[in-house]
Amino acid sequence: MKGSIYNNFVVYNGRVYVYNTKYMNSVSFDTDDIKEVKQFLSCSNDAYLKDHGFLADIYEADEEYDWYMKLKYSTRSLDVMLIMTYNCNCACQYCFENLDKSLENVEKGRMFETLSTIASIVKDYKIDDVKISFFGGEPLLEVDKIIEVCAFFKERNISVKFTVITNGTLLSREIALLLKKAGVVNYQITIDGLGDVHDCRRPLKTRRSSFDAIIHNIEAIKDLNVNVTIRVNIDDTNVEQIPLIVNTFQNDITNFYIAPVVGCLDTSFRFTLHKRAHNLKKAWSIIKNQKIPIVITPPLYAPCPYHSIQSAFYIDLLGNVYTCGGFVGKKEMIESTSNIKNKNYYKRIETMPLKKCFLCSFFPVCMGGCQFETHELGSHCQKIYLKEIYDEYFSKYAEQTKL
């Protein structure tokens, strides 16, 4: 046995913290000498350390490769982001979607052809864990089509968990009732602050307040027994708003999700990731110090649709498939429009992480890097960013055993 290659080390308050990204376990030692801890792990046979993944054999990277390949070809689940429209009634400052006008119009026949292909995958591979998230643009611009999609799968006895990812401005009580009848009870709504802060970042194209519309809609549907998750996209202009957002909605909504803004593509790669890490760490500090009811978890790049044959993908009603939400609306980034039952259809099948990635201590949570950032920023490696935030998480927020 030896120390796992997926161990990482950080010194905090005079102790060495060791965390393992494969098993997401952590342990700390009563010393500030990382070399001393590494030496101890290199010759240890401690049962606790072995059982929790801190000790491994020489074939650990090979085992991780085998895990990756099983994931790549897994057909156990299907998680579809169904792009209902490329249109939107908001003009968010940091939106990275870019509409190609030729993708706008969808004939009903093409829509049902796309849905039939998804249904065929479910039937052919006997998948019983099916999730469809209605995506956009703003999906609630196409409520009638959403209802048709729900009916399509119900008629074929395919059980699906439906979620609508929406800006929330169109989620009236009337629409929520129609969608609940169709089988939709899960929503994700983005709120980036209160009042003018949110409206500045996520304005309606009509110049009216998007925040006021969301407040009205949430109040109108709170007795309908639907599940609402509030997503807050943070950067240095709104991170201090987190307590205000939670206090405003806490009585009606218990699910909150904090996500750093991915944008800032006019800056350097290193600066962008450093700013993102800074804002996420600041958000965690606010959440902990003010006892805000949000679960603190480090971000994962894995599993990503790019690394899986068909467990997840973004697909529009024309049958165009993207491997990342960041590519939606960019015609040059469409993976293909062929029959998605054919394995050769996926360009991603020909793509593998670099060999050195399997030996990286962050591979289990990274799997070779974010393809969106690779495309937009010119670097596949986010290790510096991941280490900064994982060091923070495992030294300050994660439960760990002291040795």
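Biologist: Is Asn157 buried or exposed?
Modeller: The cut-off for exposed is over 50% relative accessible area. Asn157 has a relative accessible area of 70%, so Asn157 is exposed. Keep in mind that this is a predicted model.

Biologist: Where does Asn157 lie?
Modeller: Asn157 is in the loop between α5 and β8, with β8 spanning 161-166.

Biologist: What is the phi of Asn157?
Modeller: Phi of Asn157 is near 55°. That is a positive value in a residue other than glycine.

Biologist: Now Asn225. What is its phi, and where is Asn225 found?
Modeller: Phi of Asn225 is near 60°, again positive in a residue that is not glycine. Asn225 sits in the loop between α8 (210-221) and β10 (227-234).

Biologist: Does Asn225 count as buried or exposed?
Modeller: Asn225 has 64% relative accessibility, so it counts as exposed.

Biologist: Let us turn to the backbone. Which residues does a cis peptide bond join?
Modeller: Look at Gly136 and Gly137. The bond between them is cis, with omega at about 20°. Gly137 belongs to the loop between β7 (129-135) and α5.

Biologist: What is the hand of the crossing where α5 passes α6?
Modeller: The crossing of α5 and α6 is right-handed.

Biologist: Which residues make the contact between α5 and α6?
Modeller: On the α5 side, Val143, Ile146, Ile147 and Cys150. On the α6 side, Ile175, Leu178, Leu179 and Ala182. By class, this contact has eight nonpolar residues, no polar and no charged ones.

Biologist: How do I read α4 against α5?
Modeller: Helix α4 (residues 108-124) and α5 pack at an angle of about 40°, and their axes are 11 Å apart. The helices α4 and α5 are therefore oblique to each other. The crossing in which α4 passes α5 is right-handed.

Biologist: Which residues of α4 and α5 make the contact?
Modeller: Helix α4 brings Lys108, Met111, Phe112, Leu115, Ser116, Ile118 and Ala119. Helix α5 brings Lys145, Glu148, Val149, Phe152 and Phe153. The classes in the α4 with α5 contact are eight nonpolar, one polar and three charged.

Biologist: Next, the rings. What describes a pair of aromatic rings?
Modeller: Two values: the distance of the centres and the angle of the planes. Rings pair here if their centres lie within 6.5 Å. By this rule the count is 19 aromatic pairs.

Biologist: What kind of pair do Phe29 and Phe40 form?
Modeller: Their ring centres are 5.8 Å apart and their planes stand at 65°, so the pair is edge-to-face. It links distant parts of the chain, 11 residues apart. Phe29 is in strand β4 (residues 25-29), and Phe40 is in helix α1 (residues 34-42). Phe29 has 8% relative accessibility and so counts as buried. Phe40 has a relative accessible area of 39%, so Phe40 is partly exposed.

Biologist: What about Phe327 and Phe372?
Modeller: That aromatic pair is tilted, at 6.3 Å centre to centre and 50° between the planes. The two residues are 45 apart in the chain. Phe327 is in the loop between β13 (321-322) and α11 (363-366), while Phe372 is in helix α12 (residues 371-377). Both Phe327 and Phe372 are buried.

Biologist: Which residues do ring pairs link into a cluster?
Modeller: Tyr19, Trp284, Phe362, Tyr390, Tyr393, Phe394 and Tyr397.

Biologist: Back to single residues. Is Ser4 buried or exposed?
Modeller: Its relative accessible area is 6%, so Ser4 is buried. Ser4 is in the loop between β1 (2-3) and β2 (7-12).

Biologist: With which residues is Ser4 in contact, leaving aside neighbours within four places in sequence?
Modeller: Asn20, Gly53, Phe54, Leu55, Ala56 and Glu60.

Biologist: And Glu350: buried or exposed?
Modeller: At 71% relative accessibility, Glu350 is classed as exposed. Glu350 lies in the loop between β13 and α11. From Ala47, Glu350 is 303 residues away in sequence and 40 Å away in space, C-alpha to C-alpha.

Conventions
Residues are numbered from 1 along each chain as its sequence is written. This is a predicted model: local features need pLDDT of at least 70, side-chain atom pairs count only at pLDDT 80 or more; totals for chains, interfaces and linings use all residues. Side-chain values use heavy atoms; hydrogens and water are left out. A crossing is left-handed if the near helix is turned anticlockwise from the far one by less than a right angle, and right-handed if clockwise. Helices (H or I, at least four residues) and strands (E, at least two) are DSSP runs, numbered from the N terminus. Contact means heavy atoms within 4.5 Å. Ala, Val, Leu, Ile, Met, Phe, Trp, Tyr, Cys and Pro count as nonpolar, Asp, Glu, Lys and Arg as charged, and the others, Gly among them, as polar. Buried means under 20% relative accessible area, exposed over 50%, partly exposed in between (1.4 Å probe, protein chains only). Rings of Phe, Tyr and Trp (its six-membered ring) pair if their centres lie within 6.5 Å; planes under 30 degrees apart count as stacked, over 60 as edge-to-face and the rest as tilted. Axes are lines fitted to C-alpha atoms, for helices over the stretch in contact, and angles run from 0 to 180 degrees between N-to-C directions. Angles under 35 degrees count as roughly parallel, over 145 as roughly antiparallel, 65 to 115 as roughly perpendicular and the rest as oblique.
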